[in-house]
Amino acid sequence: MNAPERLRELLAGNQLIVAPGVFDGISAALVAKLGFTAAYMTGAGVSASYGLPDIGLLTLTEMADRARLLAGLLDVPLIADADTGYGSPINAVRAVRAYERAGVAAIQLEDQVFPKRCGHLAGKGVVDSETFALTLGAALDAREEMLIVARTDALAVHGLDEAIARAVRYAELGADVIFVEAPGSEQEIERIAAEIDAPLLLNYVPGGRTPQLPPARLTELGIKIAIHPGAVMMTMIPAAVQSLAALRPEATAGESEVSPEAFFDLFGLSEWMELGQRYDGRET
């Protein structure tokens, strides 16, 4: 059974699929050793491994190469972040082909304006739903067996009603899994689950907007996949800071928790956001 078939089998089951974020060989080895049934290639983590914040700076080539590495190390289905498809619909076609050759089970495409940014950062923008429908349709036509996860970031920009309307449309177009990014309360999660007739994915980011509900509650609501992109990458920072500070007594240890903004500031987020504001006019 290949990776897409295994993921489809998991989706057909009754258990919540918990997919920790992987981004390098160490994180992949840990996830494999601890017996998870799936993994999620986090664009934020891969960006951080290049010393960059998650604001759309990596290319398809860099991401597909990392997907190939991770898929080769894991014996469970890998769901991979593919951002906005890296350009126009024909770029999304190339992305689908590259990720499929890399051996991933599914890719995630989102309706943000390019360059995208981490879904739990402020100042996002989204394209109109028709524009994303073209990208999604191209990806669905291009894929052979790989699943397509359609993500909308419209909640932060236009509100929950618009996010749900987009999600319903993306499901009707044929997306295998629907991902409404960054609901801010259990009530919003309940509405998403009640109003979207498709397998649903929920994203948990340490210090992010979405409240962490018990797995039993997610299963009760019908959520099929819970991804945890920061389970390794963001929790390792405080421990690493403490360890390094012990080698340099005059250094000040960091906080015990790291918000998405603080995490990406390690990789120059403020500087890159200032450049973005200067050249494309988007608010920081």
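Predicted model: local features only at pLDDT ≥ 70, side-chain atom pairs only at ≥ 80, totals over all residues.
Strands of a sheet pair through backbone hydrogen bonds, either parallel or antiparallel.

Three bridges connect strand β2 (residues 39-41) with β3, and the two run parallel. Tyr40 has Ile79 of β3 as its bridge partner. On pairing with strand β4 (residues 106-110), β3 again shows the parallel sense, over three bridges, and the partner of Ile79 in β4 is Ala106. Between β3 and β4 the chain passes through helix α5 (residues 89-102), and this β-α-β crossover is right-handed.

In a regular strand the side chains alternate between the two faces of the sheet. In strand β3 (residues 78-81), Leu78 and Ala80 point one way, whereas Ile79 and Asp81 point the other way. All of these residues are buried.

With which residues is Leu78 in contact, leaving aside its neighbours within four places in sequence? Its contacts include Ala39, Tyr40 and Met41, and β2 spans residues 39-41. Val104, Ala105 and Ala106 are also among the contacts of Leu78, as are Val22, Ala67, Leu70 and Ala71. The largest nonpolar core has 77 residues, and those touching the most other members are Met41, Leu78, Tyr99, Ile107, Ile148, Ile178 and Ile196. Apart from this core lies another of 17 residues, including Leu7, Ala105, Val149 and Phe179.

Two packed helices are described by the angle between their axes and the distance between the axes. For α5 and α6, the axes come within 8 Å and cross at roughly 35°, and the crossing is right-handed. On the α5 side, the residues that meet α6 are Pro89, Ala92, Val93, Val96 and Glu100. Their counterparts in α6 are Leu134, Thr135, Ala138, Ala139 and Ala142.

Is Ser47 buried or exposed? Ser47 counts as buried because its relative accessible area is 4%, under the 20% cut-off. Not counting residues up to four places away in sequence, Ser47 touches Leu52, Pro53, Asp54 and Leu58.

How values were computed
Residues numbered from 1 in each chain as written. Heavy atoms only, no water. Buried < 20%, exposed > 50% of the residue type's maximum accessible area, 1.4 Å probe, protein only. Contact = heavy atoms within 4.5 Å. Core = buried A, V, L, I, M, F, W, Y, C linked by side-chain atoms within 4.5 Å. Helix = DSSP H or I, 4+ residues; strand = E, 2+ residues; numbered from the N terminus. Pairing = 2+ DSSP bridges. Right-handed = clockwise from strand over helix to strand, strands pointing away. Axes fitted to C-alpha atoms, helices over the stretch in contact; angles between N-to-C directions. Left-handed = near helix turned anticlockwise from the far one by under 90°.
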